[in-house]
Structure formats: structure tokens, C-alpha cells
Amino acid sequence: MRFTRPAALARGDLIAVAAPASAFDRSDFDQGLAWLAERYRIRSVDPSIYEKRGYLAGNDARRRDELAAAMRDPEVKAILMARGGYGSTRIVDQLPWDAFRAKPKWIVGFSDITTFHVEATRLRIASLHASHVNAVGRMPEAAREEFQRALEGRAPPLHFPSLQPIVAGDAAGVLVGGNIALLEAMASAGRLDLPAGCILAMEDTNEAPYRLDRMLTSLRLGGYFAKASAIVLGEFTECPTGSDGVTAMDAMVSCLDALGIPVYSGAPFGHGEVNTALEFGIEVALRGGQLGQV
């Protein structure tokens with residue numbers, strides 16, 4: 001299945017920055033913005049981006065209009081998100097997805113931004129599961145260079161050489177996915193449309209084992225895992241063992257090991273120190289515990 005791939009970025013291209021979810025640390029954000037401005041033109045950032053409305057980066061209208069304007073701007077090559085947190089699902093149905101489909105651009109982010117990766121996947125448009133603006137300014141130089149290469153289509157082909165088997169096996173398909181909580185939320189909203197035979201990459205943070213169980217069970221009951229040829233798990237940070245002794249991995253294994261498809265863990269993406277950029281929409285193969293681009 002072919003995904004439309006937006007044009008790769010180059011030095012001097014116009015990018016937009018949006019805060020569609022939670023409020024963020026201004027100093028980290030400004031540092032990331034300054035680093036990006038060294039290489040790209042940045043679409044005018046309205047001061048309202050720093051607004052806070054409880055746990056949100058301003059009210060729904062502010063966040064919606066900011067992102068919608070970036071989606072409609074024909075010169076913008078990529079939209080980078082300030083941070084995740086929560087809030088994207090509140091506005092996702094109010095955005096100009098028809099305009100986005102007519103003039104695709106990179107959606108860049110992860111965590112709560114999975115909301116928009118899901119929408120891009122519905123339209124079969126590639127997107128980039130990668131770090132947020134409030135992180136790139138303080139990342140090590142090597143990680144920032146890797147991030148830049150991913151934006152510009154210069155990254156080496158995806159290769160995770162040493163995954164740990166939960167259910168061993170081989171598979172091939174289109175790479176899609178994101179944060180489990182948001183995949184489950186978008187499924188409950190009727191908006192999750194996984195390509196048949198996909199390889200589903202998933203990560204999460206700050207979830208109790210029983211909550212991971214509940215979300216994975218909901219996805220199974222909804223028939224979503226039946227569309228996957230394999231599952232690859234990334235980082236699961238700050239997911240503490242329950243008082244009953246059940247770990248996050250215990251809970252996930254209990255949900256995934258009977259699906260009848262390969263399941264591997266240990267991929268270096270998510271909320272951990274290493275968040276390898278994943279291009280959703282590329283063809284990948286899982287062979288002998290290695291995930292690679294084909």
C-alpha cells in the first residue's frame with residue numbers, strides 16, 4: 001500500500017510550529033525554536049502560543065485556528081508541534097483535512113500528536129513520529145543532527161537490529177502507530193483506520209499495567225490487531241509495577257502473545273532518552289528480530 005510522501009525539507013524551507021495540546025515550558029520551546037531558525041524559515045509564531053488554559057495551550061479555538069492556518073498554508077513544508085500532553089483530540093475533527101490532503105506536509109511529533117498521525121494514516125499520507133520543539137533545543141548535538149536528517153529525508157534506512165521476541169516470527173508491511181492511549185482513544189472515536197497487514201509500532205508513558213491491559217484489550221476487541229501483521233513495542237517509561245506485582249510488560253504480554261502475529265519489544269522510540277524518528281507510511285520488514293526499511 002503506497003502512502004503519499006510530502007516533499008522533504010531543505011535549508012531555507014518554511015516550517016510552522018503549533019501547540020495543539022498541552023501548555024509547555026517556554027524556555028525549552030524558545031531554545032528549540034532558535035535552533036530550528038538557524039536552518040529553516042519559521043512561519044510567524046503568534047504570541048498566543050504561550051497561552052495557558054489549565055492543562056491546555058490556550059482554548060480550543062486558539063489551538064485549532066493556529067494548526068488549521070499552518071495546514072492551509074501552501075508554502076509550509078512541515079508542521080512541528082511544541083509538545084504533546086493532552087488536547088489534540090479536542091480539535092482534530094475541526095481541522096481542514098481536505099486542504100491537507102490536497103497539499104500534504106509533514107506532521108512532526110509524538111505522544112498526544114498520535115491523534116494527527118492517525119488522521120494522516122487515514123488519508124494514507126506519511127508523517128514523522130519524532131521529537132517536539134520543546135525537546136530539540138536541549139537534545140545532544142548528535143540527536144539533533146539525526147532529527148534534522150529525518151526532516152530532510154537524509155536519514156539512513158530504518159534499522160532496529162536487536163529486538164526482543166515476545167512472539168517470534170517474520171512479517172512485512174507498512175509502518176504505522178504511535179502512543180497506545182491515543183490509538184485507543186481514536187479507535188473509540190471511530191477514526192482509527194489501520195492499513196491491512198501493517199506493522200504496528202506502539203509506545204506509552206505513565207500508565208499503570210492494568211490501564212495498558214484495558215487499552216490493548218479494547219483495541220483487540222475492536223478488531224484493530226487483526227489488521228496488523230506484527231507489533232513492535234518501543235519505550236514504556238514511568239509505567240510502575242502495580243501493588244499486585246504485575247509489570248507493564250507482564251500486562252502487555254498477557255494481551256499480545258495470543259494474537260497469532262509476531263510481537264517484539266525494545267525498539268528505541270517513545271518517551272525515553274532515545275526517540276528515534278519513525279516515518280509512518282514506509283514499507284518495513286521484520287526478519288529474525290530485526291526491523292528494517294525495505
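**A strand, its partners and a helix pair**

Strand S8 (residues 171-179) and strand S9 (residues 198-205) pair in the parallel sense over 5 bridges, where pairing requires that DSSP finds at least two bridges between two strands. This is a predicted model, in which local features need pLDDT of at least 70 and side-chain atom pairs count only at pLDDT 80 or more, while totals for chains, interfaces and linings use all residues. Residues are numbered from 1 along each chain as its sequence is written, and side-chain values use heavy atoms, with hydrogens and water left out.

Strands (E, at least two residues) and helices (H or I, at least four) are DSSP runs, numbered from the N terminus. Of the 9 residues of S8, 8 are buried, that is, under 20% relative accessible area (1.4 Å probe, protein chains only).

The helices come next. Two packed helices are described by the angle and the distance between their axes. For helix H7 (residues 180-188) and helix H8 (residues 209-221), the axes come within 9 Å and cross at roughly 40 degrees. H7 is therefore oblique to H8, since angles under 35 degrees count as roughly parallel, over 145 as roughly antiparallel, 65 to 115 as roughly perpendicular and the rest as oblique. Ile 180, Ala 181, Leu 183, Glu 184 and Ala 187 of H7 meet Leu 212, Met 215, Leu 216, Ser 218 and Leu 219 of H8, contact meaning heavy atoms within 4.5 Å.

Key. Axes are lines fitted to C-alpha atoms, for helices over the stretch in contact, and angles run from 0 to 180 degrees between N-to-C directions. Buried means under 20% relative accessible area, exposed over 50%, partly exposed in between (1.4 Å probe, protein chains only).
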